[in-house]
Amino acid sequence: MLVRDEEMTFMRNRQATNLVFELSQPGRRAAAYPACDVPARPLSELLPSNQLASQSPDLPELTEPDVIRHFTNLSTLNMSVDTHFYPLGSCTMKYNPKRHERLASLPGLVDLHPYQTEDAQQGMLAILFELQQMLGEIAGLPAVSLQPAAGAHGEMTALLTAAAYFHDRGERRTKVLFPQSAHGTNPASAAIAGFDCVQLKGQADGFVDLEELKAHLDDKTAVFMITNPNTLGLFERDIAKIAHLLHDVGGLVYIDGANMNAILGITRPGDFGGDMMHYNVHKTFTGPHGSGGPGAGPIAVRDFLADYLPGPIVTRTQLEGATRYQLTTPPKSIGRVRSHFGNVGILLRGYLYLRTLGAAGLKAVSEQAVLNANYLRVKLEDVLPVPHGERCMHEFVASAQKSKSEKGITALDIAKRLLDYGYYAPTVYFPLVVPEALMVEPTETESQQTLDDFADTIRTILNESPEFLHSAPHATPVSRPDEVKAGRQLVLRWKRHCARNGK
Amino acid sequence: MPPLTSNSAPPIIIDRTAEHIFFDIKTLSRKSSKRESEFVVAYLFNTPESQADMLRTVGVSSVEELFDQVPRELRLDRPLQLPPPLSEIELESHLRDIARQNVGASGQVSFLGGGIYDHFIPAAVDAIAGRSEFYTSYTPYQAEASQGSLQTFFEYQTLICQLTGMDVSNASLYEGATAMVEAVLMAMRVTGRRGKVIVLGSVHPEYRETLTTYLRHFDTEIVTVPTPHGTADPGDVARLIDDRTAAVIVQHPNFFGCLESPREIFAAAKQRGALSISVFDPISLGILERPADHGADIAVAEGQSLGIPLQYGGPYLGIFACRQEYLRQMPGRLIGETVDREGRRCFVLTLGTREQHIRRDKATSNICTNQGLLAVRATVYLSLLGPRGLREVAELCCRKAHYAAEQLTANTGLKLAFDRPFFKEFVLRCPDDAAEFAHRVRSAGDIGPGLSRFPTLADELGASAKNLLLVAVTESRTKSQIDCLAKTIRSECSSATKK
Amino acid sequence: MAPGHLKYAKTHEWLALAGDVGTIGISDFAVKELTDLVYMGLPSVGKKLSAGDVFGEIESVKAVSDLYAPVSGEVIEVNTNIPNDLDLLSKDAFGKGWLIKLRLSNPAEASTLLDAAAYEQQCAADHH
């Protein structure tokens with residue numbers, strides 16, 4: 001580790017962490033625009049002078065090399081999938097194919113204005129139409145809306161769709177149910193969609209407790225939201241029974257598709273009782289994660305919900321042998337959930353991924369993702385046991401309880417120390433049903449060698465001194481930021497008067 | 001491990017009950033030149049040997065066995081009906097074929113507007129946003145391994161505050177319409193009022209439609225102030241604000257390109273305890289007063305103009321900034337400055353208790369994944385332009401748009417629909433159907449959108465919407481492109497008269 | 001650990017009664033459980049509360065908890081030092097770390113609260 005430390009000291013550009021505002025020098029500029037080729041009339045002739053700003057915007061002044069060096073150096077302070085193993089559970093940090101970047105940037109795709117006429121977008125509409133079809137097939141739920149911008153947006157859109165369906169049937173259903181282990185977005189989306197939230201405790205092993213569920217089901221039940229495989233990386237064994245119970249009282253089942261990477265081509269939400277679901281294209285279908293976004297959260301629903309989906313969707317007509325695509329709003333649509341069509345740049349990458357893999361390739365993705373997760377689980381189980389489930393799907397939740405009680409080494413210590421060894425940390429302390437949880441999702445795009453090395457590294461860490469680990473990481477640009485200070489003395493922007501030298 | 005083969009595809013099942021949505025996928029699918037049994041997925045590592053070795057370690061005899069926990073009766077007993085796989089060469093040729101069927105801004109002069117514009121994107125923006133370390137990292141949960149993103153987002157928050165004059169900015173929302181809706185939801189929390197929201201008829205129709213969708217289940221009355229002359233009369237707006245009103249929304253410059261009177265409207269809102277929401281155009285702030293100068297409580301925008309490609313609708317950037325006092329009611333992620341254990345300045349996610357992963361159904365929003373990479377683009381764009389660059393872009397847009405308005409209405413028979421000051425966009429009244437007119441002059445460039453494209457506007461403006469056409473002029477347009485469009489329109493109009 | 005002269009709610013608020021004025025805070029057990037406090041939201045003077053109403057919230061870096069009024073009454077004073085100095089809570093939860101004072105509308109409610117011994121017993125069970 002010493003060598004690495006020294007490298008960090010010697011190789012690091014010390015200006016890297018200056019803020020862009022601290023690098024600013026009056027008079028510098030990067031962008032030069034052509035001289036005005038139309039009559040340069042004074043602005044006060046064109047616009048009411050009381051609407052004009054009295055001074056130029058207060059922005060930093062830099063040259064292009066300043067900007068490039070600054071942000072390039074900043075970028076090197078990040079770990080990323082291209083540079084590091086990134087086993088962040090629940091996030092599916094798989095490789096993002098480079099061909100997607102080149103192809104999504106083709107003229108005719110990247111420069112297409114959303115209000116271009118339908119004639120000018122037939123190619124784009126064909127792609128989006130085909131993507132709707134493919135996502136419907138993978139879900140086993142035939143009607144698809146590509147509009148939602150991310151998973152949470154998809155959840156809310158589907159819940160509004162369900163609400164419109166119930167309303168149309170004259171039913172007043174007010175409750176959305178979800179297990180305690182649900183992603184926080186589930187209750188948050190249900191609340192925004194106007195439902196009352198009912199949280200189920202579940203069984204000690206993380207599965208849904210059927211008796212508890214039954215006790216909450218009645219004619220006010222609208223939707224049960226469930227992630228399957230669940231957040232413990234286990235396939236909900238009673239999912240078919242759960243769906244029957246919901247359907248018996250007239251409710252619907254929503255599948256949070258965050259963990260679709262485990263079941264592509266193996267089983268489909270529509271086949272195991274789901275009525276609605278969202279995809280996370282940025283997880284399962286390799287839209288890049290982009291430091292936290294953008295995503296795309298298309299939803300797939302059963303045929304009887306199709307009429308309520310938000311518009312526009314792409315439809316196809318064939319007239320006299322000619323195929324034509326158009327944007328259509330379903331007859332009883334809930335309306336728009338955003339401006340324009342959707343996060344097309346990300347959807348396009350999902351399309352390219354599906355076209356590259358085909359059916360067998362897609363199934364192979366899930367098979368390898370599940371194999372990789374199980375392999376790593378077995379390699380670690382003597383030191384980091386997995387309390388629930390004999391086997392896992394695409395991810396597993398291990399517990400550092402044993403190392404904590406025996407040596408005082410916590411999940412957080414392990415996570416932080418992994419950074420020193422050049423691994424991003426697993427998700428820690430989630431889900432809550434596992435004490436000292438480490439949620440590991442290796443994905444299918446990692447080799448046996450990487451998994452072996454990672455397992456060896458965990459073993460090494462568990463033999464290090466607990467005190468040393470409590471202050472880890474040691475080789476990163478910063479270590480254990482003071483989050484309490486950040487929360488108490490909020491500094492959410494740079495200000496001139498509190499500028500520091502930065503050197 | 002079962003071999004990676006699939007049988008020849010059985011026919012897809014088409015649900016005839018909803019034919020407007022479902023069609024046969026096969027007709028679109030090109031045949032792969034390679035048999036599927038031979039294909040190798042470029043992104044999977046494990047050779048048959050390592051696969052066998054891993055299975056031995058796990059203690060199972062086949063991959064199939066790993067899926068034992070999935071009940072057999074729930075498994076898919078056939079291959080998915082997807083088009084056959086394509087190699088990289090085939091994929092590229094397939095996509096180039098499709099892309100050629102579209103006509104984008106690089107193949108056609110674009111005067112298209114309506115909230116999304118063909119502004120120039122400096123190459124340096126692509127260079128930084130394309131860096132793997134930004135591109136393929138995730139939400140910066142582990143601060144020590146994410147300082148690059150965290151500091152960039154902190155700089156983004158600062159730049160948005162500098163641009164708008166507001167106190168705090170979050171680290172991005174999805175896009176303009178949902179940013180505006182989040183502002184309304186926040187105004188309801190802050191004021192405790194759910195009775196009424198006032199929105200000008202000149203606010204982007206798709207934003208208003210989105211608001212209607214989100215508020216479907218509330219008993220909130222959405223009052224639209226008519227703007228038949230292009231802008232709202234502040235007195236009309238003031239009369240509608242009462243003590244049930246949570247928010248007043250003004251887009252400025254508005255959807256028609258015209259300047260509203262936000263200062264007067266916001267003063268009236270303040271007097272009655274409603275929050276003022278400003279929907280702004282970031283480029284306009286090169287020359288126009290800032291939302292904070294107008295007295296806005298919340299300022300939101302579509303950030304596409306800040307270095308983000310058109311890409312047919314997204315991903316774009318939802319900008320959201322507000323006054324300090326409403327900080328705890330803000331949606332979205334926030335980055336804060338702090339120090340690490342050795343006293344070094346660094347950045348972390350902060351105020352996470354507002355968010356869904358902690359507060360769940362009581363969170364300030366359900367947003368999780370945001371538009372990080374687009375915020376990186378906006379940060380680089382604004383850093384490159386600086387105060388003078390942004391001013392120049394805004395001036396160029398404004399002057400060229402005014403020149404275009406003059407030329408397109410000189411001896412053409414076309415008129416400006418609204419006699420109001422405008423920034424970079426204006427509405428033309430065409431002699432006949434606007435979409436058809438735009439089609440006829442297409443050789444000189446794309447203009448639009450026609451206002452009848454938006455059902456909301458078609459309702460509000462009545463029959464006249466049919467003839468109205470938006471025209472946007474950015475710094476990328478040249479005098480000769482504008483002259484060429486004017487000439488084409490002139491000849492089209494004169495030939496129409498002769499007929 | 002829990003002072004004997006105070007009354008306690010199961011939700012960890014304490015009450016000190018002087019005539020019809022009750023001083024309310026949260027126990028040091030609760031403060032320790034929350035750790036890393038970053039924010040405290042308190043009501044304004046004049047707010048009327050019923051027993052069991054949420055009167056404020058307390059946030060740590062990774063958690064948020066509601067504060068519940070142990071008895072009914074009107075807020076007559078708020079500890080204005082608290083939002084700026086959360087350390088008062090960790091240093092002196094039962095003294096300088098008090099949160100609000102209520103004029104009780106129904107002082108009899110106080111008798112339903114736990115005494116120190118019962119509260120400590122509950123904490124021991126919780127901790128387990």
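Student: Let's start with one residue: where is the place of B:L351 in chain B?

Tutor: B:L351 sits in the loop between β10 (345–350) and α12 (356–359) of chain B. Keep in mind that this is a predicted model.

Student: What is the phi of B:L351, and how should I read it?

Tutor: The general idea comes first: most residues other than glycine have a negative phi. B:L351 is a residue other than glycine, yet its phi is positive, near 55°.

Student: Is B:L351 buried or exposed?

Tutor: Count the neighbours: a residue is called buried if 20 or more other C-beta atoms lie within 10 Å of its own. B:L351 has 24 other C-beta atoms within 10 Å, so B:L351 is buried.

Student: Now for peptide bonds. Which peptide bond from B:H252 is cis?

Tutor: As a rule, most peptide bonds are trans. Here the bond from B:H252 to B:P253 is cis, and its omega is near -10°. B:P253 belongs to the loop between β5 (245–252) and α10 (262–271) of chain B.

Look for A:P431 in the loop between β11 (427–428) and β12 (437–440) of chain A.

Student: Let's step back to whole chains. How is chain B divided into domains?

Tutor: Chain B has domain 1 (24–100), domain 2 (123–380) and domain 3 (387–498). Taken over C-alpha atoms, the centres of domain 1 and domain 2 of chain B are 42 Å apart.

Student: How many helices and strands are there in chain C?

Tutor: Chain C has 3 helices and 9 strands. Going along the sequence, their pattern is β-β-β-α-β-β-β-β-β-α-β-α.

Student: How does the radius of gyration of chain C agree with that of a compact globule?

Tutor: Compare the two values: a compact globule with 128 residues would have a radius of gyration near 14 Å, and chain C, at 13 Å, agrees with that. The C-alpha atoms of chain C fill a box of roughly 35 × 30 × 20 Å along the principal axes. Of its 128 residues, 38% count as buried. Among contacts in chain C between residues at least 6 apart in sequence, 62% join residues at least 24 apart.

Student: Which residues have the most contacts inside the largest nonpolar core?

Tutor: In soluble globular proteins, nonpolar side chains tend to be buried together. The largest nonpolar core in this model has 323 residues, and B:M180 and B:I277 have the most contacts inside it. Apart from that core lies another, of 33 residues, including C:M40, C:L49, C:L67 and C:L113.

Student: How many residues does the contact take from chain A and from chain C?

Tutor: The contact takes 4 residues from chain A and 5 residues from chain C. On the side of chain A that touches chain C, 1 residue is nonpolar, 1 is polar and 2 are charged.

Student: Finally, where in chain A does pLDDT stay under 50?

Tutor: Where pLDDT is low, the predicted coordinates should not be read in detail. Chain A averages a pLDDT of 94, and 96% of its residues score at least 70. Over residues 499–503 of chain A, however, pLDDT stays under 50.

Terms used:
Residues are numbered from 1 along each chain as its sequence is written. Chains are lettered from A and ligands numbered from 1 in the order in which they are written. This is a predicted model: local features need pLDDT of at least 70, side-chain atom pairs count only at pLDDT 80 or more; totals for chains, interfaces and linings use all residues. Domain bounds come from an automatic or database domain assignment. Two residues are in contact if their C-beta atoms, placed from the backbone, lie within 7 Å. Ala, Val, Leu, Ile, Met, Phe, Trp, Tyr, Cys and Pro count as nonpolar, Asp, Glu, Lys and Arg as charged, and the others, Gly among them, as polar. Helices (H or I, at least four residues) and strands (E, at least two) are DSSP runs, numbered from the N terminus. A residue is buried if 20 or more other C-beta atoms lie within 10 Å of its own, exposed if 12 or fewer, and partly exposed in between; C-beta atoms are placed from the backbone. The radius of gyration is taken over C-alpha atoms; the globule rule is 2.2 Å times the number of residues to the power 0.38. A nonpolar core is a set of buried Ala, Val, Leu, Ile, Met, Phe, Trp, Tyr and Cys residues joined through C-beta atoms within 7 Å. pLDDT is the predictor's confidence in each residue, from 0 to 100.
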